[in-house]
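Please keep the sequence and the coordinates at hand while reading.

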Amino acid sequence: MKKLLCIIFILIGLQSFGQERSTISGYVTDSRSGESIIGVKVYIPTLKKGVITNNYGFYSLTVESGKYTIEYRIAGQKTESIDVDLTSDLRFDYEFGGQYQNVEEVIVNAKAEENIRSTKVGQMELDIDEIKKLPAFLGEVDIIKTIQLLPGVSSAAEGGQGFYVRGGGPDQNLVLLDEAIVYNASHLFGFFSVFNADAVKSVNLIKGSMPANFGGRTSSVLQVNMNEGNKKKFGVKGGIGAVSSRLTIEGPLKKDKGSFIVSARRTYLDVIMKAAIPDDSPFAGSSYFFYDLNLKMNYEISKKDKIYLSGYYGKDEFSFGNTDDNFQVDMPWGNGIGALRWNHIFSSKLFMNVSATMTDYQFSFTSSQDEFRFKLNSGIRDWGGKVDFTFFPNSRHKIKYGLDYIYHTFTPMSVSAENDETVFDTGVAQELTNHESAAYLLDEFDLTENIRINAGLRYSMFQHVGPFTRYVNGGIGQPDTTINFKKGELIQFYHGLEPRVSMRWMLPGKSSIKAGYSFNYQYVQLTSLSAVSLPTDIWYPSTNVAKPQKGWQASLGYFKNLLNNKFETSVEVYYKGMNNLIEFEEGALPADNVNDNTDNLLVFGKGWSYGVELFIKKKVGKLTGWVGYTWSKTERQFDDLNEGNPFPAKYDRRHDLSVVGTYKLSEKWLFSAAFIFATGNTLTLPSSWYVQDQDLLFNYGQRNSTRMADYHRLDLSATCYGKKYKEVLDLETGETKKVKKKMISSIAFSIYNVYNRANPYFLYVDNDGDFLEGDFKIAVKQVTLFPIIPSVTWNFEF
Amino acid sequence: MKKTIYILSIISLLFSCTKEVEIEIPGYKEQLVIDGSIETGQPPIVLLTKSSDVYSPTDLSTFFNSFVSGAQISVSNGTTTFDLIEICSDNIPPGSEALVSELLGVSIDDLANFHICGYTSFDPSIFGEIGKTYTLSVIFEGQTYTAETKIEQPNPLTNVFWKPDGDLTTHGFSWATLADPPNQFDAYKWEVKRINLDIDGNPMDANFDEPFGPVFDDKFFDGMTFDFFYDNPFGYEDGVLDDYAGLYELGDTIVIKFSKIDENVYEFLEKKYIQLSTAGNPFATPTNIPNNISGDALGIWAGYSPTFDTLICQP
């Protein structure tokens with residue numbers, strides 16, 4: 001550690017001496033909305049030196065004093081430049097788009113050649129406008145579904161929650177919305193993500209070596225940044241679709257100083273279901289809907305200080321009743337997320353962001369039948385704080401350091417049950433409190449003209465503190481005993497060093513080789529009793545029984561841009577190892593959590609995954625899109641499962657192909673298509689049957705040894721844009737001129753699953769008939785969720 | 001157009017499609033299945049079969065042909081070991097029809113129609129006794145399988161009663177009061193049959209049957225005294241109208257067989273009934289049913305300690 005710090009500072013020092021140097025720094029914003037732009041390349045051609053604006057649109061470039069032409073480059077847009085005489089440090093906020101009036105789209109994310117120049121291995125960025133052009137399921141633009149089209153990323157299954165990155169589980173992805181953790185990023189069993197595309201500014205996925213400023217997960221980081229709102233003028237946009245509608249209002253709090261954005265979305269499946277289910281039906285009253293609300297405000301207190309307040313609240317309400325059986329189930333769940341951030345510029349070389357975040361995820365399940373009532377609650381509440389500094393000592397170094405802290409409160413399961421007037425003993429409601437913290441330091445520096453290294457260390461700590469009741473299993477025939485821990489009492493302390501390093505080596509011809517290694521601890525894991533991911537899955541922290549998960553990954557990639565950056569291509573290989581993975585023991589039941597600790601029902605094992613990913617993307621022109629292909633293998637090994645033999649993970653996929661294309665036929669029409677092919681998921685089915693006491697029972701073979709049919713699907717969409725401009729007569733000059741219309745609208749037609757492929761959602765073994773009557777039959781049945789689904793959405797903006 | 005979209009959307013969300021598929025399920029291996037039991041005052045009975053590939057036929061003749069002959073089976077009560085003899089339902093010793101019918105759970109009339117074979121002993125010295133532990137030994141094809149079970153101290157129901165369900169006056173559930181002993185593991189099994197006569201003058205039900213979820217342990221109510229109810233497991237073919245499914249009729253006379261079971265037997269039966277109700281359900285973990293048999297065999301060696309109550313269904 002000490003040696004590394006010495007090396008870093010010596011390198012910084014060596015490059016800081018010499019000629020007099022000056023720094024140009026500031027924010028890059030969009031000239032029409034005033035929103036900061038992430039990833040603009042600020043470049044001095046004569047020196048061949050440049051930097052990229054950070055997540056807040058801030059840049060800092062230190063060079064020898066002198067006269068320069070400074071370029072502001074955005075991929076797909078014209079480069080803009082200014083001439084400066086840099087004799088001393090200069091604060092220069094730049095409004096992009098002012099030099100060219102034909103820049104029509106609001107720019108939010110604009111990294112040029114970042115794919116080959118960045119040291120981030122396995123980083124994928126998606127432009128939100130690009131996402132919006134793709135076919136949308138039921139007309140609802142979905143960020144998570146688009147992420148799943150990238151190589152190395154796959155979905156659990158149609159209707160499955162979350163996403164899987166390089167063989168990791170959905171809980172191994174750090175999903176951040178404006179730096180606050182999102183634990184459950186799905187609505188309606190994963191059919192829709194919680195991210196409302198109208199409220200989203202940028203999406204960034206790191207699936208390889210994550211930099212040291214991120215931690216707590218072993219697979220990937222998905223950073224979703226919300227829009228800031230227009231600082232110049234008020235605007236409204238929205239969409240009306242078949243099952244949901246959304247509305248966004250944005251505008252200045254004070255012109256050029258601050259802005260707000262409010263975005264709301266609601267499905268009306270409940271209204272449709274109410275109309276479809278007659279009042280006298282036993283299922284009357286069954287319904288489902290979700291709504292979510294995004295809010296963000298930002299204000300520039302001074303030239304050096306900006307504050308941001310972000311909020312998200314979303315809730316799903318599912319209810320099902322059958323009056324014939326006096327049966328009723330209600331299942332609400334949802335996320336509440338808040339983040340308050342303060343950006344402060346100490347100097348042209350030192351940028352600070354301080355964040356205070358809150359995340360609240362609650363799930364509830366209530367069922368009643370006749371006189372039996374059952375209620376289950378589960379949830380997580382996090383209070384977090386982060387201080388992050390970015391220091392730009394010179395153009396060759398970017399140093400980040402900071403502290404990260406989260407106070408977790410987990411309620412894995414709180415159960416109550418009553419039968420008539422009898423209240424059952426369901427034990428003490430389990431609640432686990434934890435402190436998770438980390439300190440990190442990383443330096444991204446140019447070792448030579450062509451070699452850039454991002455080296456970092458993260459030291460993470462995790463404490464499980466009381467109050468807590470530990471159940472100790474007494475064994476068969478013996479009563480359990482309990483150990484009670486007092487409030488604040490330290491029960492378990494884990495800590496460890498997490499080294500991260502990645503390297504980029506620029507080659508001639510706009511190509512580079514990148515390599516990376518990362519080691520991560522993960523202190524919270526998701527446990528699932530079912531083969532399908534559900535909101536009932538339980539987040540569980542590390543305890544003295546459940547040790548923290550350890551993950552390491554090594555990756556190597558070759559990146560090349562072709563035809564003047566029109567095409568981005570890459571080949572990446574990776575190997576990932578994971579220890580202390582958790583699964584429920586065989587035969588565990590939800591009721592087993594009662595009067596027991598969830599971790600007493602867990603078994604522990606390891607996993608590994610390796611693969612190769614190919615990617616080619618066309619970024620400009622009438623036809624844009626990408627092709628991504630992944631070959632991979634993912635296995636798990638648990639001493640207590642599958643007789644200790646390794647078995648494929650349920651999302652082990654040998655082949656995964658995505659072909660995505662958008663074709664702009666004219667100003668009026670835009671067409672897009674997405675094709676997906678994936679090897680079928682694995683599952684465990686019974687391999688034999690036997691009879692006991694006249695009942696036919698199943699015996700299961702090797703875990704996950706059966707593979708479902710391959711998954712493939714084609715989606716198409718066509719979007720018709722209304723005219724953006726109208727011609728008006730200038731009474732003074734007598735000439736007609738183009739004026740932007742007050743309201744712009746478009747209609748998006750989309751077809752999901754065009755050729756009506758019956759893709760497997762799950763398989764089950766069905767048995768029917770009476771064994772003793774001789775008409776008994778066993779059959780394997782496949783359940784398919786979605787046939788061909790057309791939809792239409794009207795989008796508007798004024 | 002809008003209506004069409006609404007309808008399509010709701011159909012797709014509410015009604016998924018199911019079809020039969022042919023898919024390879026690897027991992028089949030033939031295993032011996034031991035289905036043995038012993039209860040208070042009854043001889044031990046052990047049925048030996050073999051497991052079948054999931055795609056193999058499930059007709060009765062396949063099942064009857066799967067009975068295993070030639071095994072060497074013995075049961076020990078801790079002091080004496082008794083060898084069991086092989087009997088078949090279509091060839092049983094005269095005079096033991098009623099006992100075999102009870103042991104196999106097949107009506108006397110059907111005994112000759114079925115070819116169900118088992119191993120038992122008619123020596124009263126090995127009939128089940130409360131508090132004793134019984135060890136089963138099966139030697140078959142050179143392999144030895146052993147298992148142990150205990151006939152627990154019974155815990156009779158404090159009270160049984162019937163009450164009409166909701167607004168009904170003529171139909172209701174069977175209710176009982178249980179006083180669970182504190183500070184010990186207790187598990188129970190509930191079985192029932194109606195003994196009032198049908199129009200032919202025979203008891204309504206020849207054998208005991210189990211309602212939904214017939215086993216439970218005292219995890220939720222250790223040491224508590226409480227009332228609980230069970231539904232009527234008999235259906236339309238047994239004379240229960242669909243409108244009153246799960247309920248007993250005013251005037252029914254039922255016998256409740258309420259057995260104590262040991263922890264291993266409970267584990268087996270709990271998982272068995274869960275599998276029966278959730279088999280194939282993706283929301284449940286695919287689980288092999290644990291057993292108490294050493295060696296690579298399936299099944300259970302179960303001791304039961306029943307008590308019997310007769311309930312006449314009237315308010």
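A residue is called buried under 20% relative accessible area, exposed over 50% and partly exposed in between, using a 1.4 Å probe and protein chains only. By this scale A:Arg500 is buried at 4% relative accessibility, and A:Glu498 is buried at 0%. The two form a salt bridge whose closest N and O atoms are 2.6 Å apart, the term standing for a side-chain nitrogen of Lys or Arg within 4 Å of a carboxyl oxygen of Asp or Glu. A:Arg91 and A:Asp93 also form a salt bridge, at 2.9 Å between the closest N and O atoms, but A:Arg91 is partly exposed with a relative accessible area of 28%, and A:Asp93 is partly exposed at 30%.

In chain B, B:Lys50 pairs with B:Glu30 in a salt bridge with 3.4 Å between the closest N and O atoms. Because B:Lys50 lies in strand β3 (residues 45-50) and B:Glu30 in the loop between β1 (17-20) and β2 (32-39), the pair ties together parts that are 20 residues apart in sequence. Shared partners join A:Arg166, A:Lys207, A:Glu572 and A:Glu613 into one network of salt bridges; over all chains the structure holds 46.

## Basis of the values

This is a predicted model, in which local features need pLDDT of at least 70 and side-chain atom pairs count only at pLDDT 80 or more, while totals for chains, interfaces and linings use all residues. Residues are numbered from 1 along each chain as its sequence is written, chains are lettered from A and ligands numbered from 1 in the order in which they are written, and side-chain values use heavy atoms, with hydrogens and water left out.

## Domains and cores

Chain A is assigned domain 1 (2-96), domain 2 (114-223) and domain 3 (224-716), with bounds from an automatic or database domain assignment.

The largest nonpolar core has 85 residues, and A:Ile147, A:Leu150, A:Phe163, A:Phe195, A:Val203 and A:Leu222 touch the most other members. Such a core is a set of buried Ala, Val, Leu, Ile, Met, Phe, Trp, Tyr and Cys residues joined through side-chain atoms within 4.5 Å. Domain 2 and domain 3 of chain A both give residues to this core, so it lies between them. A second, separate core of 33 residues includes A:Leu696, A:Ile778, B:Phe64 and B:Val106.

Definitions and conventions: Helix = DSSP H or I, 4+ residues; strand = E, 2+ residues; numbered from the N terminus.
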